[in-house]
Amino acid sequence: MAGLASTAVLLSGCGLSFGSGDDDKVKAPQGVVTETQAEKIVDRYVSVAKEADAKRDGKLLATVEGGGQLERGRAQYAHHPHMTAAERKESATPDDYVDREFLIPRKGRATWFAVTARPKGGPADGERQLLVFDREKGSRSWHNMASVTAAPAGDDKKEGPLRFAEDKHGFARAVPSDSSRHRVKSPDELPGVLADLYTLRSPLESSAFADTKTARSVHDAAQGVEEKLGQHASATFSQGKNKDSATDKVYALETRDRGTFVVFNTAIDQHQQVASAGMTMTPDREMYPFVGKKAAKGFTIHRLHQFSALVPARGKIELLGYQVTVTDATRK
């Protein structure tokens, strides 16, 4: 789309002349990648991730995944011997991503791009997902950093799919993660705001989140653990620290209705302890890869949550979906 700017220059005794040097060239804006490049990146990701899944090869997976997506993937490989057949199927990489629609920000406005697509042959076959691809610091390769729900589901479903804003050149509008546009000061704050749902004892209505199926699930998680432990043990929750700084990165896109679609990770540590010195507790199956099956007086369980959320121009934050994986556990 590059063209030449014709600049008239009045020369003494010579009439008009039109310059055509480098200073006169008008460069069309470029995207972070072209759609052709993005297609190849996604194709390579699917191919390599499927091979890594077959071998449960974390090093190979690290060539195409990064951040929270890689942390969750490696943990799932550790869980594999203890999974049921249904769980193994659910954790597998889809055979392909079809009906791809690319969300490519303008070069200089972001380092990453996203694609919405329907997984084919996987556990979420047909359910539209959004994948984020970025280059980690010091790497020239593209990595899948997140794979999240791209639209509300179940009782949260709205009319039509989520629509993303574009600038006048057709590029997706990336929102700086430290920007302040809505009632949450910036997308960077969402991991901490989300962690508050685990410690909130008042009704969901008092939180920063809209009453959706996903938000209720997170809000009720702590109460469910307490009910399971009963009077024989206690549990507390806190925001955990991510193992990899790339997991802290937040990705945000503007929607056509001036909202902000945000992809982020939140680590939650669950600290549980028996009520008396003469008691012990048995670890759950999801803890086996990290602490084995031997009982102890208590455990700290590290769970990584990968979320998609919509911060509307007005109103409360809407959690669209999340996936959670136990990525570590220790004995007390």
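Modeller: A polar contact is a pair of N or O atoms within 3.5 Å; within protein, one must be able to donate a hydrogen and the other to accept it, and residues adjacent in sequence count only if both atoms are side-chain atoms. The model is predicted: local features need pLDDT of at least 70, side-chain atom pairs count only at pLDDT 80 or more, and totals for chains, interfaces and linings use all residues. Residues are numbered from 1 along each chain as its sequence is written, and side-chain values use heavy atoms, with hydrogens and water left out.

Biologist: Which residue has its backbone nitrogen 3.3 Å from a polar atom of the Thr 247 side chain?

Modeller: Thr 247 is in the loop between E9 and strand E10 (251-254); strands (E, at least two residues) and helices (H or I, at least four) are DSSP runs, numbered from the N terminus. Setting aside residues up to four places away in sequence, Thr 247 touches Gly 67, Gly 68, Glu 71, Asn 242, Asn 265 and Leu 304, where contact means heavy atoms within 4.5 Å. The backbone nitrogen at 3.3 Å belongs to Gly 68.

Biologist: Is Thr 247 buried or exposed?

Modeller: Buried means under 20% relative accessible area, exposed over 50%, and partly exposed in between (1.4 Å probe, protein chains only). Because its relative accessibility is 0%, Thr 247 counts as buried.

Biologist: In what order do the 4 strands of the open sheet lie?

Modeller: Two strands pair if DSSP finds at least two bridges between them. The edge strands, each pairing on one side only, are E5 (96-103) and E8 (143-149). The pairing is antiparallel, and the order is E5-E6-E7-E8.

Biologist: Which residue in E8 is the bridge partner of Asp 134?

Modeller: Strand E7 (residues 129-134) runs antiparallel to E8 and is joined to E8 by 6 bridges. For Asp 134, the partner in E8 is His 143.
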